[in-house]
Amino acid sequence: MRRLGFLLAPLLLVACQSQTSDPAASDAVVNADWDNIGFDAKEQRHSPLSQINDSNVSELGIAWFKDLPDARGQEATPVVVDGKLYISTAWSKVFAYDAKTGEELWSYDPGVAGEKAVDACCDVVNRGVAINRGKLFFGTIDGRLIALDANTGARLWETQTTDNSKPYTITGAPRVVKNMVIIGNGGAEFGVRGYVSAYNVRDGLLKWRFYTVPNPEGKPDNAASDEIFAKAANKTWSDGEWKESGGGGTVWDSIVYDEDLDQLYFGVGNGNPWNHGLRSGGEGDNLFLSSIVAVDPDTGKYLWHYQETPAETWDYTATQHIIQAELPIDGKMRKVLYHAPKNGFFFVIDRLDGTLISAEPFVEGINWAEGYDLATGRPIENPAARFYKTKEPFVAIPGALGAHNWHPMSYNPKTGLVYIPAQQIPQGYEVPVSEIDKKRERLGFNVGIGWAIGQLPDDKDVYKAAIAATTGRLVAFNPKTGKVEWGVDYPAAWNGGTMTTAGNLVFQGTSTGFFKAYSADKGTELLSLPMQSGIVSAPSTYMIDGEQYVAFLTSKGGAFPLVAGVAGGVTRQLPNIPRLVVLKLGGKAAFPPLPEKGEVTWDPPVQTGTPEQIAAGKGLYGRNCLVCHGDSAIGNGFTPDLRISGVLPDTQAWASIVTGGALKQHGMVGFGSQLSDAQVENIRHYVVNRSIWTKENLPEMTAPTPR
Ligand code: CA
């Protein structure tokens, strides 16, 4: 159906130019799908539809919407095939709707156990489904790959792709390539060994597997990756914690198929631990961390790789969205891929052999490297950035959440621009000093850094500076010139993915609660619809019966809101509403009004802990709690604001949750296996301290985030 839409695009343009006043009447038989998460195999997220365009986009309104069951992060791009719209949601649930009317056709809940959430670094999210010949494929947070009948939602098969005794998860969308469904996994913050697998679409039997990091025992895996590791990759690793941790290198998002060259590309994540000094003795590039790897799709055999961040040590993943394009270079058309990973540089790479063509910054303020040496393909690093060598703290831009995270970017062949949902979230790194930061644990991040530097000091000016330093930006990057053509600044980070269309438009939802459209060539804002909730997902667009729709999910969610604390800034004031929203020209549907905000009495318990106990609690909080409950225990809309928790005054009730796991069905498992009763009580003293301090010093922040 997509090809039909593509061929009809010029006709549609004519039709809408002549009949913009009544688009539904323009052509009753025209349909166009969005049948792949990234639109098509090239994943440019560019639609040839132009009925909605830069002259009428301000008339967009809500056609229909559906509230979703779980107030967690919603990161999926809606996929539309043959008039049916499919999404995956938090907790790996799948929903199918009539794409025109919004009628729910079926839903599927794989029944993931609540306690699995503690193994998800970045919320229990899911970024989408793959549809192929009547089958729907998706991954689950507990590592299963499931095939459903796309018409009925009936399960056809499922297979466990991971060892569930380890903290593996799946959040990325599978891709269907040549009768195989390809899937990766996540978990590199905790300690797993990354790989990509190909399963037969018919029965879910494993066809090949490619590991991204070496076998810890130095043995062959009987996998597609064995040859290249024996030949070249093993020797890029030295002795270190990777042998215990698995090394990381998870392929948790981008996997794309090159139809021109019959090659499969995937982006590889960070190492475990992050700290290269601990991971690999500070020696070696550690292939294939932070690399784009090309393999033969039929066998999984290695073809080429390009490593964007050798000897990765800042959580600079290369998992971000890969776009395939063609670019004239010195008069010759080259098949290239575009990539804007966490590390802040935009890469143009030759798809034939992985040669680096250019690497230019897409954000300002990058301080870990000044650029790339194109002769060697390697970054020109700032020596101070390698904190484990200097033994000095380093505040890096970008930080671990990246100048660009998973939020998909898009490419418009007409403007030649790539639209990147960029951001600035600085992060401090230092070697672990305390015993609790040094120790590997089953629960919580095992990344080999000291957490104290990630916790803001008790200084309200620092709090305000942290909010000001954390920003977002829509960047229109020109890969031909290596320059930013235009940009739109946002007051907060973690804005939604982008989509661009032949209507000279770029669409993006924001973390501050608006769905926006800009002209693709100039960046002029043409639409800003209030959406009641933050938006992190990317939109898609489709046409049914001659009428064009734009679909996306609202919610706050994912890694940044979990960990942000005060740096979440204005986004903290928005509720988290999980919802599928579909727009059309002249849409008249309206959301129900938001419920009245309840009165909150900020009444901190009496502090019974000593300064020493509070300090100990702060260290324990940083190591065990911060990545889900936010810096300074500030909530975020989907994990609670602990500073006003009902159990905070009560040692026994607090311990029943933190030690005993009374709320494990929501993901808050008991930490009794790694924290003593005294340690759990010290964490309580610290959170009481945060509650009292906030009331005394920052009364404007005593309004808790709505949930
Ligand atoms: Ca990571």
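Cys122 is partly exposed, at 24% relative accessibility, where buried means under 20% relative accessible area, exposed means over 50%, and partly exposed lies in between (1.4 Å probe, protein chains only). The structure is a predicted model, in which local features need pLDDT of at least 70 and side-chain atom pairs count only at pLDDT 80 or more, while totals for chains, interfaces and linings use all residues. Residues are numbered from 1 along each chain as its sequence is written, and side-chain values use heavy atoms, with hydrogens and water left out.

Cys122 takes part in a disulfide with Cys121, the two sulfur atoms being 2.2 Å apart, and a disulfide is here a pair of cysteine sulfur atoms within 2.5 Å. The angle about the S-S bond is -100°, and the link of Cys121 and Cys122 is left-handed. A search of the whole structure finds one disulfide. Two further cysteines may be considered beside this link. The cysteine sulfur closest to that of Cys628 belongs to Cys122, but because the separation is 8.7 Å, it is too far for a bond; Cys628 is partly exposed, at 27% relative accessibility. For Cys625, the closest cysteine sulfur is that of Cys628, at 9.1 Å, which is again too far for a bond, and Cys625 is buried, with a relative accessible area of 13%.

Strands are DSSP runs (E, at least two residues) numbered from the N terminus, and two of them pair if DSSP finds at least two bridges between them. Between β11 and β12 (residues 180–183), the antiparallel pairing extends over three bridges, and Val176 stands opposite Val181 in β12. In general, strands of a sheet pair through backbone hydrogen bonds, either parallel or antiparallel.

A calcium ion has protein donors from Glu189 (two OE entries), Asn270 (OD1) and Asp315 (two OD entries), lying 2.4 to 3.2 Å from the ion; donors are N, O and S atoms within 2.8 Å of the metal (3.2 Å for Na, K and Ca), and sites may look incomplete because water is not among the atoms. In sequence, the donor residues follow the spacing E-x80-N-x44-D. Glu189 lies in the loop between β12 and β13 (195–200), whereas Asp315 lies in the loop between β18 (302–307) and β19 (323–329), so the pair ties together parts that are 126 residues apart in sequence. Glu189 is buried, with a relative accessible area of 8%, and Asp315 also counts as buried, at 5%.

Methods. Helix = DSSP H or I, 4+ residues; strand = E, 2+ residues; numbered from the N terminus.
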